[in-house]
Structures are given as C-alpha cells and as structure tokens.
Amino acid sequence: MNTKTTVISQAELDAQFAWCDKIAAYWQQEGRTPTAYVETYGCQQNEADSEKLRGYLTQSGYSIVQEAEGADVVVMNTCAIREHAEQRVFGNLGALTHTKRRHPAQKIFLCGCMAGETKVSDRIKHSYPHVDGVFSTHHLWQFPEILYNVLTKKKRQFYVVDEPGSIAEGIPQVRDSQLKAWVSIMYGCNNFCTYCIVPYVRGRERSRQPEDILRECRELIENGAKDITLLGQNVNSYGKDLPGGMDFADLLSAIAQIPGEFLIRFMTSHPRDAGKKLFDTMAKYPKIAKQLHLPFQSGSTRVLKAMNRHYDREKYLEAVNYAKSVMPELVLTSDVIVGFPGETEEEFEETISLIQEVHYDSLFTFIFSPRTGTPAASMEDPTPKEEKNRRFDKLCAVQNAISEEIHEGYVGKTMRCLVDGKDKDMLTARTEGGRLVRFAGCDSLIGTFQNLTITGSTTWSLSGILADAN
Ligand code: SAH
Ligand code: SF4
Ligand code: F3S
C-alpha cells in the first residue's frame, strides 16, 4: 500500500491564492459581485470541506448564497456511501440544467467523494455536459485554479487523478457556526471494510501535525467556539503515520488543556483500536464530552469478519463495558448495517441482542448498499429486499423503544447544556452527550452554557426549563 503523504507546500498554496486574486480581478472587470452556492451531502467531513470551498470562493470575491437559482457558481459536494445518496445527486444535477438555462453563465462543479469514482466522472463527462468541472477530494486544494480555468478557458475541467492523498494547511475557511466547529485531524482511511467505498475515494490515512491542530483549536476557542468536534474516519489511528509517537488520546488531552470554556468531541472511533487509554483520557478531562460514537455494524462475529472489521462481538462489548465503567454518564451512539450479504436471520438477531445489551442512546441505521469496486458488492446476497426491509423495521422499532426509555430517564435531571440556536419560538440546546433540548428563554442565552432541568421527553428530543427558573 502506498502510504506516502504529500504535504502541499506554502508556495503551491500561494499559487492558489494568486488564482483567487485573478478570479476577483476577472469579476471586477465584469463590474459586479458574483454569487456562489455550495450544496453539501454526506458526513461532517464533507461539511468541513465545504467550509474550505466557501473560504476559497469568498477569497475570490464571491458572495455566498443559499440557493442554486441565479448563482454564478454552484458546487455540489457529494457523498458516495450508498447508492441512494448518489441517485439524489444525479437527480439534483439534472435539475441544474434548468437553473443554467435561465442563467447560461452559471458554472457548475461536482466534487467530494463521488468525484473520486471513475464511473461517476465518466458519466458526467459523457451525459452531463452542463457540468463544467469535476474534482475529487484530493484536488480540493486546487479549486481556485480549476475555477479560473473554467471561467477563462471555456473548456471543462476534470481533476480526478487517483492519489494516496495530501495534506494542505492554510486553506481559508468560512465556517457555518462560530459556536460549534469541525476540526479535521486526519484524512482518508486504511481499513477497507469490505462494504465501504471511503478508502477508495478519500485515499490513505494521513494525520495533520499536532501543532497545526492545536493552533486551529486555540484560535477557534479565542473566537468564541464552545463545542469542537474532531473529525476523521478513524480517529483512533491518529498519529500512526507521524514521527513523535503522539496518539489520539495524547492529542485529546493536549486540546483539553487549552484554557477556556468549551467541550471537545470526536468522530468516528473504530472499535478495533478504541482502548483503555482513550476511555481513561475521556474520563479524566471535564472538557472532553462524555459522548462516544462507536460503530459496531453487526452483532455477529461471523459477519464482522466478512466485513473485515478486525474485532468480534466480545471485544466490542468489552470495550463498551470498560468505557461505561469509567464514564457512568456516557452517551453512546453507533452505526449499524442490516442485510450485509449472507446475513442470516440468526445473525440479524445477534445484532438485535447486542443493541439490547448495550442500550444505545441512538443509532444510525443503514440497509447494505452494494458499492462498485468493493469486495462486498460481489458477495453472494440471497436475502430478498423485502426481508431486509423487515429486519430494518424491526431493528428501528427496538432502538426507538430504547431511545424513548433513555430519554424518559432524563426527566427530573438538571444538566449543563450549550444553548446553540432557536427553533420557532423555543431555544435549542445540547446536553454534553449531544441530546437536543428545547426550552423557553431569551435569545441572549445563545452561545452560553446553561443548567437546564429536563421536564419532558420524546424518542428524539427533550424539553426543559432553565434550572434557575425552578
Ligand atoms: N469511518 C466510519 C464510518 C463512515 S461511513 C466508521 O468506520 O465508523 C458511515 C456509516 O455508513 C458506516 O459506519 C456504515 O454503517 C455505513 N455504510 C458504509 N458503507 C455502507 C454501505 N455500502 N451500505 C450501507 N451502509 C454503509
Ligand atoms: Fe469505511 Fe471502514 Fe474506513 Fe469507516 S473504517 S470509512 S466503514 S472503510
Ligand atoms: Fe459520504 Fe464521503 Fe462522508 S462517502 S459519508 S461524504 S467520507
């Protein structure tokens, strides 16, 4: 496996900033402020990438707008995780023929994980002539150059060369929220779970330097961030490719010691190397949220092996039980796949029994979706779709009952929550474990931590009152 990481040099990045200046000059000549719309699909990693796309666009003189209609630039930052996600993008891409007909100068780009699939870039090349540029995640740092070429060369641009991946520091970011921030600590994935396309479209694991991450966190906290989520496909692998021996737990404790009032959380942890050191570190620091997203995928050891997950049911349960023992208040969430090729009824029941044993606060539930190029896509899969749907519905019903029960258990408790926004006439807040609480209060509380007493619950959310109002 080629694991060589290319670090994008300052000179290469400066060249991109020079393209930004040229784009800004181009629009100055046109005599107006151009507009850009970025649509994001998929996971937080894509959300974080979109903040960089908006950063580059802003630096190139664009004003960011909230819809494709009339925008000079439209960027679709896509997700390839399931067939359904891709179909949605192709549908929405088709609809852009109309926005472009009404505004022929509109430039349309497709990037993100789908752009890393040859079959997708070929399809765009041949069947979607209104798309002006396609670039994979490896080429995001070159977006200004791609945009400038599209504007001036009148030729479609495809930057889709498959690479192990690079790290670019210093791309400007326009963040969605001042309060809650994403910080990517590493990129790519080496795990090659047999169902998953991510390692093919996002390249090899590569960790950012700890100093760069710490600097970014410090700046965010100084600028008012109160909730920072560290991102990576498998954060527990952090540092394995760096000299110096710093691992993820070490990084977490370094961030937890930055002065200020804030919480750090992270996703995603792979159970394969989520061990005692990580959980002890989480337990030790009040600034590390007692929340863990630990995808188990299946409760059957046979299926886990077929998925190439490198842990079994027992090892998973051992890790969870240890985490709960050192953090009794831990909020646990997970991902699960129903209907992996060859999953039997008994194996599905093992998934159900694991859910009942662990008692997750909530679950992200998926039906297996074959992804071209992954080993699982060519595995024999005799289970009919209807049967998979039945299993999926059963699993959701089991989990919903558990979520409801756990939420009922919150009633009467007082918890420190971060007030993060407004929903109609109520304020919204998040518990340390990430549960949503609605309550009445004045807008000036947004951005502060408040003690809330929980007064009601549903499967999905909680309601409460300010503890001082008791
Ligand atoms: N790196 C993370 C997961 C990223 S993808 C991890 O390993 O935990 C998010 C979730 O999508 C996965 O956890 C898995 O449950 C689901 N998923 C990935 N590929 C899938 C596929 N082909 N079909 C159905 N679900 C899939
Ligand atoms: Fe996909 Fe597995 Fe990597 Fe997660 S760890 S991104 S599921 S290959
Ligand atoms: Fe989707 Fe890519 Fe994330 S495939 S889930 S956007 S890493």
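A crossing of two helices is left-handed if the near helix is turned anticlockwise from the far one by less than a right angle, and right-handed if clockwise. The structure above is a predicted model, in which local features need pLDDT of at least 70, side-chain atom pairs count only at pLDDT 80 or more, and totals for chains, interfaces and linings use all residues. Residues are numbered from 1 along each chain as its sequence is written, and side-chain values use heavy atoms, with hydrogens and water left out.

The domain assignment, which is automatic or from a database, divides the protein chain into domain 1 (5–166), domain 2 (175–408) and domain 3 (414–469). Between the C-alpha centres of domain 1 and domain 3 there are 37 Å.

Consider helix α5, residues 143–153; helices here are DSSP runs of H or I with at least four residues, strands are runs of E with at least two, and both are numbered from the N terminus. Of the 11 residues of α5, 9 are buried (under 20% relative accessible area, with a 1.4 Å probe and protein chains only). Among them are F143, I146 and L151. The buried residues pack against α1, α2, β4, β5, β6 and β7, by contact of heavy atoms within 4.5 Å. After α5 comes K154, with a positive phi near 55°.

Helices α9 (276–284) and α11 (313–326) pack at about 20°, their axes 9 Å apart. Axes are lines fitted to C-alpha atoms over the stretch in contact, and angles run from 0 to 180 degrees between N-to-C directions. Angles under 35 degrees count as roughly parallel, so α9 and α11 are roughly parallel to each other. Their crossing is right-handed. K276, F279, D280 and A283 of α9 meet A319, Y322, A323 and V326 of α11.

Notes
Chains lettered and ligands numbered in written order. Parallel < 35°, antiparallel > 145°, perpendicular 65-115°, else oblique. Buried < 20%, exposed > 50% of the residue type's maximum accessible area, 1.4 Å probe, protein only.
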